[in-house]
Number of protein chains: 2
Amino acid sequence: MSNIVYLNGDFVAAADAKVSVLDRGFVFGDGVYEVIPIYSGHLFRLNYHLKRLNDSLNGVRIENPLSTSGWAEVLTTLIDNNGGGDQSLYLQVTRGVAPRDHRFPQNTPPTIFAMSNPMSEPSAELKAGIRAILVEDIRWKLCNIKAIALLPNILLRQQAVDAQATEALMYRDGLLTEGSASNLFVIKDGIIVTPPKSNLLLPGITRDLVVELCDNHQIHCEQREISVKELENADEVWVTSSTKEIVPVIEIDDIKVGSGIPGPVWKRLITLYRDYKNQFRAGNVQ
Amino acid sequence: MSNIVYLNGDFVAAADAKVSVLDRGFVFGDGVYEVIPIYSGHLFRLNYHLKRLNDSLNGVRIENPLSTSGWAEVLTTLIDNNGGGDQSLYLQVTRGVAPRDHRFPQNTPPTIFAMSNPMSEPSAELKAGIRAILVEDIRWKLCNIKAIALLPNILLRQQAVDAQATEALMYRDGLLTEGSASNLFVIKDGIIVTPPKSNLLLPGITRDLVVELCDNHQIHCEQREISVKELENADEVWVTSSTKEIVPVIEIDDIKVGSGIPGPVWKRLITLYRDYKNQFRAGNVQ
């Protein structure tokens, strides 16, 4: 079955989906995106993702081209076209096609692109824990915007891959920010800590769900600044993302985290997370 | 006459030039670019631009898809297709088309795109001087790479436009870096100063030519760090770029620079610059 994508109002085969070389996404990285997991054909935490999309669009001053119900309709049709079930949905909005000029173009419709691909449960590697590297955060200062201009993230991620690791954890001015495509949690003596939201990290939907699950189950979770030093003494370290869920980091720069295997606090949280997912599949939560 | 562009080996009408939505330029801003002025049908300072292109490609670890002579042939053919004369040439190389994944794809040919458009002499506004705003440099820490991921630059430039200004001058940690699409010069008591090359600013071809012209004509020019404070006391401020040449900044944040008109040092340098251009048109220099 050929994969179908959405592009500016049309559902077309992925191979036929093309944009002008003058699209500001292509020449400037001038756009924002979201990745939304689909479980049993339904968009997980859709309203949270659409809220963040709207925040990102505001951040780069692109008018949101669709209403919440408009987005839901487009995305649901796309999912159905691609066979429902469990998928990973990607959507992107750019400032559209215009002669190349840094200044915003006038009266130019944004480009809207969305695709969805089959998603399986996180792999054995993710369950067994991953290796990470620790690197300086070289990104811009508006990382709260989910911008497509991801070149810094890509270079850092590839640096991790080259070191036989999976993720690059970043710090700025001695404080941990997040992973190249994930949020970061550090666990010590049973207490879960994650950096507070700011312009220096993405307000992750999975991050927020972990905090919410902690709240709902009386698990001690703090949102506060974390020094690089604290990483060295951590019992557990996790990274979270919408498609990878909660992933234990078992080694950082060739040094074991805690005992070097996924820890008990992670086991508790991933169980709560999977339970929540099952509730979602059953239609009991959004 | 329809404008012709170059895309992956073909010369096609601009309106027909399209790339896949999975091009890493479109989804990641994963590419680099150059802008080269064409005078009398010839590429100005081509070798310098191709050297910097190669540095940028190395910086993001994309293999240079063409040799120096290969680039020269492609670009010259493009210029000729578009009628020669004075043009502005833009070229871009991305990491190519691949399923969306932060990690570098294997065995994926890069996407090569180039376009050229008529260029006129800098407008009266540029000659009369421009207004600028002073803003914090929010960009990433590898600004020496001429990357297409220009979203920060775009947002700052538009901030300038919204303030009825033309350029945004940036500082980081109290030191001036450059403009959103230009390098910066500050002149005090006849001495020309520009920030030294580092990972925090673009090694501008026009910047270097200005330094070279100063050297050749025994004009005092220093490459050193410049504090924001020095801007307040400057006699003249200029920004330089390949297409805008040397532009006097006559007002910053509504405060006049020096006497608020283009200064004598600028007049000397722009004359030397235009002389150099004329020598180039005559085939005497590269």
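Two strands are taken to pair if DSSP finds at least two bridges between them. This report applies that criterion to a predicted model.

Strand β4 of chain B spans residues 31-39. The pairings of β4(B) are set out below.

| Partner of β4(B) | Residues of partner | Bridges | Sense |
|---|---|---|---|
| β6(B) | 87-94 | Eight | antiparallel |
| β5(B) | 42-43 | two | antiparallel |

Within these pairings, B:I38 has B:Q87 of β6(B) as its bridge partner, while B:Y39 lies opposite B:H42 of β5(B). The strands β4(B) and β5(B) form a hairpin with two residues between them, where B:S40 adopts a positive phi near 50 degrees.

In a regular strand the side chains alternate between the two faces of the sheet. In β4(B), B:G31, B:Y33, B:V35, B:P37 and B:Y39 point one way, whereas B:V32, B:E34, B:I36 and B:I38 point the other way. Residues of both sets are buried. Because nine of the nine residues of β4(B) are buried, the strand is largely enclosed by the rest of the structure.

**Helices α6 and α8 of chain B**

Helix α6 of chain B (residues 205-216) and helix α8 of chain B (residues 264-281) have axes that come within 10 Å and cross at roughly 105 degrees. The helix α6(B) is therefore roughly perpendicular to α8(B). On the α6(B) side, the residues that meet α8(B) are B:T206, B:L209, B:V210, B:E212, B:L213 and B:C214. Their counterparts in α8(B) are B:L269, B:L272, B:Y273 and B:Y276.

**Residue A:E245**

In chain A, residue A:E245 belongs to strand β15, which covers residues 245-252. Is A:E245 buried or exposed? With a relative accessible area of 1%, A:E245 counts as buried, since the cut-off for that class is under 20%. The side chain of A:E245 makes a polar contact with the side chain of A:R274 at 2.8 Å. Apart from neighbours within four places in sequence, the residues in contact with A:E245 include A:Y39, A:P122, A:T206 and A:V239. Also among them are A:T240, A:I270, A:Y273, A:R274 and A:K277.

**Relation between the chains**

Two copies of a chain are related by a rotation about an axis and a shift along it. The same surface serves both copies, as 100% of the contact residues of chain A recur in chain B.

Conventions:
Residues numbered from 1 in each chain as written. Chains lettered and ligands numbered in written order. Predicted model: local features only at pLDDT ≥ 70, side-chain atom pairs only at ≥ 80, totals over all residues. Heavy atoms only, no water. Contact = heavy atoms within 4.5 Å. Helix = DSSP H or I, 4+ residues; strand = E, 2+ residues; numbered from the N terminus. Buried < 20%, exposed > 50% of the residue type's maximum accessible area, 1.4 Å probe, protein only. Polar contact = N/O pair within 3.5 Å; in protein donor to acceptor, adjacent residues only side chain to side chain. Axes fitted to C-alpha atoms, helices over the stretch in contact; angles between N-to-C directions. Parallel < 35°, antiparallel > 145°, perpendicular 65-115°, else oblique.
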